[in-house]
Amino acid sequence: MISAVLCAAGRGERAGFAQNKVLRELYGMPVLSYAVSAFAAAADEILVACRAEDAERVRRLLSPYPHARAVPGGETRAQSVLHALREAKGEIVLVHDAARPYVTHKLVEDCIASVRAFGSGVCALPATDTTVLAKDGCIAAVPARGDVFTVQTPQGFLRSELLRAYEAMFAEGREAQFTDESGVYAAYVAPPHLFIGDRANKKLTFPEDFAPAERVGLGIDTHAFGEGDRIVLGGAVIPHTHGLTAHSDGDVLVHALMDALLSAAGLRDIGYYFPDTDARFAGANSMELLAEVMRLVRREGFAPCNASISVLAERPRLSPHIERMRQNVARALGLPLSAVGIAAGTNERLGYVGEGKGITCCASVLLRRTV
Ligand code: MG
């Protein structure tokens, strides 16, 4: 029999929330529900250690899972785990931070397999950065990177062994020395066995961890044809019988793209940053304005993932110029060519586009959070 213990008795102080962070919503579902659902199939019972004031809400959340129940948490994580270990019935116990919602069925299965094979299983990631030991603000030692892992949860053990270790630790008053089960087990039972975790299985700690990491943006712009012998589209100069009427160079594609980027980053539109009443922007090269927009977007902590742009124009014929536009846009956004799509079409002679009076562009971008 397998018991899962979910630690959910925190206060969310580091995240700066008034309520327990595992009861907050993440993409429309409480954080705690993710972990419960990941363990639901593999565990015969799920014990959620929570604070008394959260118990009613936790019980409601657990109602779809008849084998899950709330148990009283302690003042510290170690006390919560000790209480839950005493209440649990399983021969194997898996302990998990409820604030790690991205735990997968595979990690749960790997954890159980490790306990069955080795008596313990601690989810850990090989270090990708160089890690150092520091003392008084200086590097004191540099462990070989291959020896360094960061430890996550779930962590699985034989319940009798982990309970014995916890009781010994409390009897000796050493609970402040350990931050998780693996340390306690290592001190009182044996070196715990590691299994490879998942980079996505991160612990939600700070407010930004609860915000979506990706943001979509949409921008649309239209310019009318007027005097001239060329148009500028996506930074490409295209000879034509007319120009596009504008305060700047009239690059309607780049204007739509800039609005998409600004709107995805939660900023104002291009009219706000580059007003057409400002003489500085007369005849402006829109690719330079795009570089300025990219600085604003980066300053907000975002970088583009991809851009998808659609141009509606009855004329001129744009297909010979599409590749050059894609290259210009990809370079400006710091993206590979494959992350920029530009489609061009006519409007079947309908409306102002169809009558050849102007060009409309529609751009969408996806931004990812970089900080
Ligand atoms: Mg415009």
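**Briefing: contacts, metal site and sheet**

Leaving aside neighbours within four places in sequence, Asp97 touches Cys7, Arg77, Thr153 and Lys203. The model is predicted. Three protein residues, Asp221, His223 and His255, supply the donors of a magnesium ion. A search of the whole structure turns up four aromatic pairs.

- Asp97 belongs to strand 6, residues 92-97.
- Its relative accessibility is 6%, so Asp97 counts as buried; the cut-off for that label is under 20%.
- The Asp97 side chain makes a polar contact with the side chain of Arg100, at 2.9 Å.
- Ser80 sits in helix 3, residues 77-87.
- With a relative accessible area of 2%, Ser80 is buried.
- Neighbours within four places in sequence aside, Ser80 is in contact with Ala9, Ala49, Gly73 and Gly74.

**Magnesium site**

- The donor atoms are OD of Asp221, NE2 of His223 and ND1 of His255.
- These donors lie 2.1 to 2.3 Å from the magnesium ion.
- Along the sequence, the donor residues follow the spacing D-x1-H-x31-H.
- Asp221 is in strand 12 (residues 214-226) and His255 is in helix 7 (residues 252-264), so this pair ties together parts that are 34 residues apart in sequence.
- Asp221 and His255 are both buried.

- Strands of a sheet pair through backbone hydrogen bonds, in parallel or antiparallel fashion.
- Strand 12 and strand 15 run antiparallel and are joined by two bridges.
- Phe225 has Leu244 of strand 15 as its bridge partner.
- Phe225 also has a charge over its ring: Arg315 lies over the face, 5.7 Å from the ring centre.

- Strand 13 (residues 230-233) runs antiparallel to strand 14, and four bridges join them.
- Arg230 has Pro239 of strand 14 as its bridge partner.
- Two residues lie between the strands of this hairpin.
- Gly234 takes a positive phi there, near 55°.
- In a regular strand, side chains alternate between the two faces of the sheet.
- Strand 14 (residues 236-239) has a covered face made of Ala236 and Ile238.
- Its uncovered face holds Val237 and Pro239.

**An aromatic pair**

- A pair of aromatic rings is described by the distance of the centres and the angle of the planes.
- Among the four aromatic pairs is the one formed by Phe157 and Tyr185, which is tilted.
- Its rings are 4.8 Å apart, centre to centre, with 40° between the planes.
- Phe157 lies in strand 10 (residues 149-158) and Tyr185 in helix 6 (residues 181-188), so the pair ties together parts that are 28 residues apart in sequence.
- Phe157 and Tyr185 are both buried.

Note on methods
Residues are numbered from 1 along each chain as its sequence is written. This is a predicted model: local features need pLDDT of at least 70, side-chain atom pairs count only at pLDDT 80 or more; totals for chains, interfaces and linings use all residues. Side-chain values use heavy atoms; hydrogens and water are left out. Rings of Phe, Tyr and Trp (its six-membered ring) pair if their centres lie within 6.5 Å; planes under 30 degrees apart count as stacked, over 60 as edge-to-face and the rest as tilted. Buried means under 20% relative accessible area, exposed over 50%, partly exposed in between (1.4 Å probe, protein chains only). A charge sits over a ring if NZ of Lys or CZ of Arg is within 6 Å of the ring centre and within 35 degrees of the ring normal. Two strands pair if DSSP finds at least two bridges between them. Donors are N, O and S atoms within 2.8 Å of the metal (3.2 Å for Na, K and Ca); water is not among the atoms, so sites may look incomplete. A polar contact is a pair of N or O atoms within 3.5 Å; within protein, one must be able to donate a hydrogen and the other to accept it, and residues adjacent in sequence count only if both atoms are side-chain atoms. Contact means heavy atoms within 4.5 Å.
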